[in-house]
Amino acid sequence: MLTRSMPLIFLVNLLVMGCHLVELPKPKPPKPIEITLQSEAPFTVGAAIDPTRLRNDTAYRRVLSKEFDGITAENMLKMNNVHPAQNTYDWSRADYIVQFALDGKKRMHGHTFVWHQAIPGWVNNFVGDSAAWEGLLKDHILKVGGYYQGKVSSWDVVNEAFQSNGSLRNTGEGGSIWRRNLGPDYVARCFQYARQADPKAVLFYNDFGQETSPAKLKAMLDMVTDFKKRNIPIDGIGLQMHINLNTPNEGIANAIRSSAQTGLKVHISELDVAINPGGSTSIEFTDELKERQRQKFFYVVKTYKELVPKAQQHGITTWNVGDADSWLRSYYKRKDWPLPFDDAYQKKPAYYGFIEGLR
Ligand code: G3I
């Protein structure tokens, strides 16, 4: 009860106590933002993935969700998987990957409409004249590109058309069934069909070894010049960048620089750094090798960031996620540790090399 006789000091005390009662709790310090590949990169950082692992391996899925903002299907958009019989398309496994990308707001890159490998049996056994072959190829691109229109935003239209001597794969080992049946200008027509299939998709020519095969690099750049002259729709170059600890840095820089000079987008599309290309059975992944791999990742990422103008940076994609799921182990049946994450999907020195290269 307040009365006239209450001393002023008492009133002041009451007021101060009131203020204390309504005092707001101290704000909590903000959560530190976790550094990830995607948070540090000014461009998309992707990984090539497999739907079975994505479904079954929680560490794989967690690292993908957190670290990467781009996805490539390692195998499931290849012709043998998506188009297993002439009138059969199997979308299920590719759909699972595309849906994961869409749900996570990750960019989905398509790999690949036309390749001399991963050819389904029905194509190997196909008999027809050149018009029939042309129809087969065109249908495939229109159907797959059309189905994923608006979901897959970029495509490797043609993959690995050149040999290391710069000539188009044709006959013999490593030859191309497409070149043999469709003639030397088939690559250009693939790009025209791809544009027709999805006018908004960004269209890439993708190949490996440009950093060590000057003739192949030149053949690819000459093709780009020719396509530009003839208005063949090509938007980008994919440098797969399957390299190893001894790949010379000058070759890497030269491939990146000269690709950027075309003015097209440049995608490092399948990056990995092999430790054991010779397939030694006794090799161990020592600290020294880990450090050399860190430096190689750093060099590739830094060089890409420096030499490719921003508007042309399509991003960097690693081929697989961690050492456990690397194609080098399953394909060559050898020991290797080529990726930024280890067998348990923990960060390796290579991961920190990648991060430093982005800065
Ligand atoms: O899925 C089957 C499985 O059912 C079967 O038991 C097993 C027996 O060999 O084979 C499995 O398929 C394999 C598939 O990888 C999945 O592991 C194929 O035989 C094998 O040929 C296939 O290899 C893929 C290779 O391309 C050929 O398509 C690799 O995973 C894939 O990483 C590799 O990717 C290529 C790029 O597309 C283009 N650039 C080079 C890169 C590396 O070679």
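In which strand is Thr112 found? Thr112 belongs to β3, the strand that covers residues 107–115.

Where pLDDT is low, the predicted coordinates should not be read in detail.

Now back to Thr112. The peptide bond that joins His111 to Thr112 is cis, with omega at about 0 degrees. Most peptide bonds are trans, so this one is worth a look on your screen.

His111 also leads us to the ligand. The ligand is surrounded by 14 residues, and the closest are Glu74, Lys78, His111, Glu160 and Glu270. An N or O atom in the side chain of His111 lies 2.7 Å from an oxygen atom of the ligand. The side chain of Glu74 has an N or O atom 2.6 Å from a ligand oxygen.

Next, turn to a pair of helices. Helix α11 (residues 214–229) packs with helix α12 (residues 249–260) at an angle of about 10 degrees, their axes 11 Å apart. Angles under 35 degrees count as roughly parallel, so α11 is roughly parallel to α12. Leu217, Met220 and Leu221 come from α11, and they meet Asn254, Ala255, Ser258 and Ser259 of α12. By class, this contact has four nonpolar and three polar residues, but no charged ones.

Finally, follow the chain into the loop between α11 and β6 (236–239), where Asn231 is found. The phi of Asn231 is positive, near 60 degrees, in a residue other than glycine. Most residues other than glycine have a negative phi.

Note on methods: Residues numbered from 1 in each chain as written. Predicted model: local features only at pLDDT ≥ 70, side-chain atom pairs only at ≥ 80, totals over all residues. Heavy atoms only, no water. Axes fitted to C-alpha atoms, helices over the stretch in contact; angles between N-to-C directions. Helix = DSSP H or I, 4+ residues; strand = E, 2+ residues; numbered from the N terminus. Parallel < 35°, antiparallel > 145°, perpendicular 65-115°, else oblique. Contact = heavy atoms within 4.5 Å. Nonpolar A, V, L, I, M, F, W, Y, C, P; charged D, E, K, R; others polar. Near = heavy atom within 4 Å. Polar contact = N/O pair within 3.5 Å; in protein donor to acceptor, adjacent residues only side chain to side chain.
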